[in-house]
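Subject: Structure handover

Hello,

Here is the structure I said I would pass on. My notes on the backbone follow below it.

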Amino acid sequence: MKLKFGALVLMAALTAAGSVRAEDPATIRLGAAVSLSGKYSTNGVFTRNGYDLAVARINERGGVKVGDKTYKLEIVYYDDESTPARGAQLAERLIQQDGVKYLLGPYSSGLVEAMAPVTEKYGVPMVEANGAAISLFRKGYKYLFAVLSTTDQYLKGAVDLAGSRSADPSKLRIAMAFENDPFSQDVREGVTEDAKRFGMKIVVDDKLPPDLNDMSATLTKVKLLKPDILIVSGHEKGAETAVRQIADQRVNVPMLAMTHCDSAQIAEKHGKIAEYTLCAAQWAPSLSYSDELFGKASEYAALYEKTYKEPAPYQAAESSAAVQVFADAFARAGSLDPKAVRDALSQTNMKTFYGPIRFDETGKNVDKPTILYQVQDGKYVVVYPEKWAEAKLRTPTPSWDKR
Amino acid sequence: MIDNLLLLLQNPSFALDVVLNGLLAGAIFALAAYGMSLVWGVLNIVNIVQGELVVLGGYLAFVAMGAGVPAYFALPLSAAVMFGVGYGLYYTVIFRVVDKDLFISILATFGLSIVIQQLMNTVFGSDVRSIDTGLGSFYMLDGAVTVAWIKLIACALALVSGAALWLFLRHARLGQAIRATAQNPRAAHILGIDTGRVYAITYGLNGALCGAAGSLAVMAWTIHPYIGLPYTVRSFMIVVVAGLGNVGGVVAAGLSLGALENVAGFVLGAEYQIAFVFALMVLILVWRNWRAARRRTYLS
Amino acid sequence: MIDLILDRVQGIPEWGLLTGLGLLALVAPFVAPSLATQLAFLWLMVVFAQTWDVLGGQLGYNSFGNVIFFGIGCYACAVVQRDSGLPYYEALALGLALAAALALVAALVFGAALLGIRGHYFAIATLGLGIAAGEIAAGWSYIGAGSGLAMPLYPGALGSRELFFYFVMFAIATGCFFTLRWLYGTRFGLAMNAIRDDEDKAEAMGLHTTAIKTIAWAISAVFLGLAGGVAANMLGFIDPRDVAFSGATFGVWMVLMAILGGKGTLWGPVIGAVIFHITKELFWTYLLGWQRVALGLLIVAIVLFFPQGIMGWVKARQQSRAVVTP
């Protein structure tokens, strides 16, 4: 008897765990599972900050008008702990137990990869801002939209810059050190393709384990083989480790490019040794994009800094943009039916402070370019693409004995 | 893979660089492993929370330096505070697992480790932290061999603390009490040794060693709240290979683990670096067992 | 009050209990369809705890590496579904068969190599093996390396996927339960317990201890492999370290659940898994940001104050009463 009773308690408890809160008729609830703990938690917090900032601003301005009714926005959060297993479960839980009909994306490609099949199955539109892996957009998902540029774009600029400046690009040799996680491995694929296009040769191709914080073996290899370009990708830890150890070991490469160096604050933390480094970024406060909600990109950055007491990383900016995209789609759909919202999303064509947003049939944003910063005199200066360049590229990087 | 091996063999000075950097990294692991060996030997506890104590020690040094404390003082400060943390941890949780099965202690300290992880995430934030000591590096053989001063200091410090620990256990009154308790807690207790206090001091000492290792780690590399596990598993592996109560063995195992790991990372590619280390540990255990089994057969 | 309930439970014949619970499990996903996946994970946890207890509870060999067989199952099934070119259900069936087969082979190989190692060093060796397996999977590009593998989408109608996997997982859990229930009653089960109680004596009595240990491990590996294949499909995505070979989550949980319920008993792991899973889900919902602190404290509390588990506690209580009442 007790066991039967226990089973009933179990059911009751599980129901309570996913209790559907009484729905306020005048709010639209968006669901989000972000990494508040685990290896992606720095970026997970940026993501949440970005979402919150946009929701607060939209609600301040009166909310979203759908048909003839005005709604406020609200986000239901869970912590996915940076693991895909948790992410997939939480997506299901948000939809099934919390009754959420629209999802904002998690942080990182691996997590989006885990959640997209779930949202697709239930026909719940998901607008994500932090999963850039190109493989996500080859699966034919209909309910997945990404405001950011895909991974193949991240370091394309660096390869392009090197290739276009060289008399014979096929002579160039590339060394790659990428963290062994879905995001960085996808960036790697993009770089490999770009290198092939120019006929460049890849001489080092190391995959760094996520919990490794020493890359001296890889750097010794780089030192020995003297490539023309060194490309590193491994979230903040990778950027930080690389900048430090390259200087420590005096590894001379004419061009060093990486991801996540602005959020790792390499220029602020490391000063001179970070000079000349190229950083791939989705967005910069200095770009001249603007919209009604936040104003100019620089105004968004100022607002963010005022609210969270730290400079605005692009991860937050793109997350805010994802909320804007949803708000825009709700208004245009004139209905809260997920299918109608999805159709409206696919027709998105808007200008935001984060950049233009227009989705192709696979759901990726095709209108916004990525940019490359270079650390120049302690500042992140946009050097690529030409159209946005604030300064000329400083190249080649002088050898360490001349710095 | 073969290419990498050839590359290394053709450039002995670079090979030296790979080995040397590995050795120096191994010294920091050895420092944390002393503590684990001590706790394992004296309290019979496999301390899974070791890595988190190392990271916590690193954060303390980071915070101290942020408050203007110079690096050479931040390290002992962090070690001292970590002694207190270890001492306190003993009287809150650890004392309950001392006389329990080893397996229970593994799970209990694992539980502690996830508590400390999330607390560090809440208190210190999730950003990757490191301290630039500004000491720089020195270069040998045409710049082929690079040695960061901080790593060299770390290595020297690890060796000195190893020697000090050995002397302490051998000659100091308290050290002798610790050894006596390790050998036979009942007898030690009967002879008037306050075994509870000895355990607490041992665990505190472990905390101090972790504090020192962590301070060095944050100066030589980077830390963040979830990076503890590599330190735990490496200490663990070092102790397993070295055997208990063997300070010299810990030094040797730590240094060679570091060197082997770095060479493996170079030759096999970084992706197999950790797999190699663990596969090696399993093989050592299997081999030991096989040898012991053979001896058993001969005896019978 | 507690004693009264315990007496009542004891009064019910086991077949009645099993039928009651079985019926409840069969109607549960229809009564609460939104919980179907949660409940399927509950069955996964039950499989984890039960299979861990074969070695950990019945044989006295504490393994931290059982998650290897789960991981092998995940990948075996995923690769078949990716490469076989068969329709969904056929590919899934073939994948699960291969998952079980590979897990079995792996258990035989690792068992022969490791199960001669006694005591704590066995626990350490399996821990090392688990980590190494995850890292090797993360380096092997045929199975997606660090990028992981995405599983094919379920072809059925909306809502049917949850029910389908719920029942598959339920079938594995019940299959596992009845297999073990039968096994523990045989001579083989007695031999397992003999090894736990005194391995040297058991060996002296002429038992082939290593063979028995290896076979026992292989039996649990088969169910873990199957569960891995199904779990991979439920999750939709495999990451080498965080899903397939996740020693720090699944690997530790399986041990905890068995201990919580009571090692070395048939019902203990089942009860432990149910309680642990529900508690964990409640933490994740109501303690956002502190859930891991709560979980960690729970783990410490379980092993410190409850090492004999719920079944052990019940037994001790009955014994103490038996002494008092004449």
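A:Pro385 lies in the segment after β17 of chain A; helices (H or I, at least four residues) and strands (E, at least two) are DSSP runs, numbered from the N terminus. This is a predicted model, in which local features need pLDDT of at least 70, side-chain atom pairs count only at pLDDT 80 or more, and totals for chains, interfaces and linings use all residues. Residues are numbered from 1 along each chain as its sequence is written, while chains are lettered from A and ligands numbered from 1 in the order in which they are written.

The peptide bond from A:Tyr384 to A:Pro385 is cis, with omega near -5°. Another cis bond links A:Thr395 to A:Pro396, with omega near -10°, and A:Pro396 also lies in the segment after β17.

Strand β17 (residues 379-384) runs antiparallel to β16 (residues 371-376), joined by 5 bridges; two strands pair if DSSP finds at least two bridges between them. One bridge partner pair is A:Gln376 and A:Lys379. The two strands form a hairpin with 2 residues between them, and A:Asp377 in the turn has a positive phi of about 50°.

A:His235, in helix α9 (residues 235-248), has a positive phi near 50° and is not a glycine. A:His235 counts as buried because it has 22 C-beta neighbours inside 10 Å (buried is 20 or more other C-beta atoms within 10 Å, exposed 12 or fewer, partly exposed in between, with C-beta atoms placed from the backbone). A:Arg250, in the loop between α9 and β10 (255-259), also has a phi near 50°. With 16 such neighbours inside 10 Å, A:Arg250 counts as partly exposed.

Regards
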